[in-house]
Amino acid sequence: MKIAINVDENVKDIEITISCSRLTPEIEKMLATLRIMDWQLTASKGGETYLLDVSKVIYLESVDRKTFVYTGESVYESSLKLYELEQQLDERGFFRASKSCLVQLKYIRSLKADINRRIRVTLENGEQIIVSRQYAEGLKKKLGVK
C-alpha cells in the first residue's frame with residue numbers, strides 16, 4: 001500500500017482518493033472508518049448499502065458474529081466488529097452496555113436497578129437493554145447518577 005499526502009494551502013476541502021484493482025474488505029473497513037469520522041456509518045440492508053447519520057443510531061448489537069445497527073426506523077448490518085465501532089464512536093456519545101451492546105447515551109429514557117447489580121435501561125423507542133454489572137458503574141458516572 002502506498003500513501004501520498006499533498007499539502008496545498010489553496011485546497012478548500014479535504015479529498016481522499018483510493019486507487020485499487022478491486023474493492024476488498026480491508027478497503028471497505030478503511031472507508032467505514034473515514035465515514036464515521038465524518039459522523040456517518042456505513043451499513044447494509046436488503047443488499048443495499050446505506051450511509052447512516054451516527055446521531056440517529058440508537059444502539060448497536062453483536063449477535064452470532066454479526067453487528068446490527070438500530071435506528072428509530074430500521075435495523076441494518078455493519079461489516080465492522082463491535083469493538084471497532086466502540087473505538088470510533090466513544091467520543092460520539094456511545095457507551096458499552098455489555099459484551100454485545102453499545103448504546104447512544106442521548107437515547108436513554110430511564111434506568112432501573114436490576115438483579116445482581118445490573119441496570120435495566122429503557123430507550124426512547126421503548127426497547128429495554130440490560131447493562132451488565134461490569135459496565136453499570138461506568139454508565140452511572142457518565143450520566144451523573146448515584
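Modeller: Let me start with a pairing: β3 and strand β4, residues 66-71, run antiparallel to each other over six bridges. Please keep in mind throughout that this is a predicted model.

Colleague: What makes β3 and β4 a pair?

Modeller: Two strands are said to pair if DSSP finds at least two bridges between them, and β3 and β4 have six bridges, in the antiparallel sense. Within this pairing V57 stands opposite T71 of β4. The hairpin that β3 and β4 form has two residues between the strands, and D64 there takes a positive phi near 50°.

Colleague: How do you know that β3 also pairs with β7?

Modeller: The same test applies, with at least two bridges required, and β3 and β7 share three bridges in the antiparallel sense.

Colleague: Why is Y59 called buried?

Modeller: The cut-off for a buried residue is under 20% relative accessible area; Y59 has a relative accessibility of 5%, and therefore counts as buried.

Colleague: Which residues does Y59 touch, leaving out those up to four places away in sequence?

Modeller: Y59 touches F68, V69, Y70, C101, L102, V103, L123, E127 and I129. As for distance along the chain, Y59 and L105 are 46 residues apart in sequence, while their C-alpha atoms lie 9.1 Å apart in space.

Colleague: What makes a group of residues a nonpolar core, and which members of the largest one touch the most others?

Modeller: The members must be buried residues of the nonpolar kinds listed for the term, Tyr and Cys among them, joined through side-chain atoms within 4.5 Å. The largest such core has 17 residues, of which Y59, V103, L123, V131 and L139 touch the most other members. Two or more residues of this core come from each of β3 (57-63), β6 (94-98), β7 (101-104), β9 (119-123), β10 (128-131) and α3 (133-143), and β9 gives the most, with three residues. There is also a second, separate core of 15 residues, which includes A32, V54, L60 and L82.

Colleague: What are the contacts of V103, leaving aside its neighbours within four places in sequence?

Modeller: V103 is in contact with I58, Y59, G93, F94, F95, A97, I108, L123 and I129.

Colleague: How many helices and strands does the protein chain have, and how much of it is buried?

Modeller: The protein chain has three helices and 10 strands, which follow one another from the N terminus as α-β-β-β-β-β-α-β-β-β-β-β-α. Of its 146 residues, 32% count as buried, with the same cut-off of under 20% relative accessible area. Among contacts between residues at least 6 apart in sequence, 38% join residues at least 24 apart.

Key
Residues numbered from 1 in each chain as written. Predicted model: local features only at pLDDT ≥ 70, side-chain atom pairs only at ≥ 80, totals over all residues. Heavy atoms only, no water. Buried < 20%, exposed > 50% of the residue type's maximum accessible area, 1.4 Å probe, protein only. Helix = DSSP H or I, 4+ residues; strand = E, 2+ residues; numbered from the N terminus. Contact = heavy atoms within 4.5 Å.
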